[in-house]
Amino acid sequence: MTDRLTILRPDDWHLHLRDGEMLKAVLPETARHFARAIIMPNLVPPVVTAADAADYRDRIMWAKPKNSDFKPLMTLYLTEDTQVRDLRAAAEIGLITAVKLYPAGATTNSQSGVRDFSKVTRVLENMAQIGLPLCVHGEVTDNDIDIFDREAVFIDRVLDPIRRDIPGLRVVMEHITTSDGADYVREGGDDIAATITTHHLVINRNHILAGGIKPHYYCLPVAKREEHRVALRKAATSGDPSYFLGTDSAPHTDAAKLQPCGCAGCFTATNTLSILAHVFEEEDALDRLEGFTSRHGPAFYRLPVNEDTITLEKGEPVEYPAQIETGDGPVTLFDPGFPLHWHVRV
Ligand code: DOR
Ligand code: ZN
């Protein structure tokens, strides 16, 4: 039985760091284990221009623990007003690694997102030309589409038509939650990949809704039926390089979560790697963990893998706090619902 595993240092290909006091509190939780992360731009106001991205990157570098060489990989928030010249300049100097597409109204701070997809065609064509990946929040927002169907409908009505119209556009379908998403990406060729979160490998919709409502398990896209969780586990542990880790660790204060209309997001930065080791061990796939956390993402983003390593060791239950304190108030950590035994040694 394996109880010790050394892997290349992981990266997180989808992360919310927020700003101000929250940024200061949550950044060390990621920087402790991860070398790089794709930083989501859905601040208030959003990160829409190269200048915004440069300023945000500076604030992250300021907030970073002094002994850390964590590298934020910045993104721009795509709007119907995004300027091709600004975006190309930001990509050319390496300021941005990707662009994020939020359908307007799909999730937290997505009001400035795209309503009319024809208005971003020219930007997407330019991205295809320079190979700049588009990270997609893949849900339609129509009120008449059931929230549990919104990912599958997005693939048919929005994503597939865009990819047909703009060949060569490189797409990361973020935080897939369905077998439809996993299948689409598996069969989609080299220009598409998907991130999978830690929490979607652990919870299904019963965890949120059965036996009382659990706001800390509510995120978007919302967790689906058990058969989808099983499909995601299969995808993540398959060794297929189309799938890699994007935690979507999305901190909100308890005050913001525990509301009649509470925020979406699971905060998983602190215990993600212990949970993933547990899941991969359950799936008898510990030998594929490194691919998922540390190799497939850099391959898609055409970046080198990290040079250093971390070691996972199985032992006594891992102790982690129920909440972390921030200057904005406490943030509850994702509770996988089972004890964790894999310790991360850095
Ligand atoms: O659960 C989520 N939280 N999903 C998202 O897409 C956004 C994120 C956030 O920013 O809180
Ligand atoms: Zn997200």
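Ligand 1 and the zinc site

In this predicted model, ligand 1 is surrounded by 13 residues, and the closest of them are Arg18, Asn42, Leu220, His252 and Ala264. By type, the shell around ligand 1 is made up of seven polar, four nonpolar and two charged residues.

Several contacts between the protein and ligand 1 can be followed atom by atom. On the side of the ligand's oxygen atoms, Asn42 places a polar side-chain atom 2.8 Å from an oxygen, and His16 has a polar side-chain atom 3.4 Å from an oxygen of ligand 1. Leu220 takes part through its backbone: one of its backbone N or O atoms lies 2.7 Å from a nitrogen atom of ligand 1. Taken alone, ligand 1 exposes 290 Å², and the protein buries 100% of that area.

Which residues coordinate the zinc ion (ligand 2)? The donors are NE2 of His14, NE2 of His16 and OD of Asp248, at 2.1 Å. Along the sequence these donor residues follow the spacing H-x1-H-x231-D.

His14 is buried because its relative accessible area is 1%. His16, at 7% relative accessibility, therefore counts as buried too.

Terms used:
Residues are numbered from 1 along each chain as its sequence is written. Chains are lettered from A and ligands numbered from 1 in the order in which they are written. This is a predicted model: local features need pLDDT of at least 70, side-chain atom pairs count only at pLDDT 80 or more; totals for chains, interfaces and linings use all residues. Side-chain values use heavy atoms; hydrogens and water are left out. A residue is near a molecule or strand if one of its heavy atoms lies within 4 Å of it. A polar contact is a pair of N or O atoms within 3.5 Å; within protein, one must be able to donate a hydrogen and the other to accept it, and residues adjacent in sequence count only if both atoms are side-chain atoms. Accessible areas come from the Shrake-Rupley method with a 1.4 Å probe; for residues, only the protein chains shown count as cover. Ala, Val, Leu, Ile, Met, Phe, Trp, Tyr, Cys and Pro count as nonpolar, Asp, Glu, Lys and Arg as charged, and the others, Gly among them, as polar. Donors are N, O and S atoms within 2.8 Å of the metal (3.2 Å for Na, K and Ca); water is not among the atoms, so sites may look incomplete. Buried means under 20% relative accessible area, exposed over 50%, partly exposed in between (1.4 Å probe, protein chains only).
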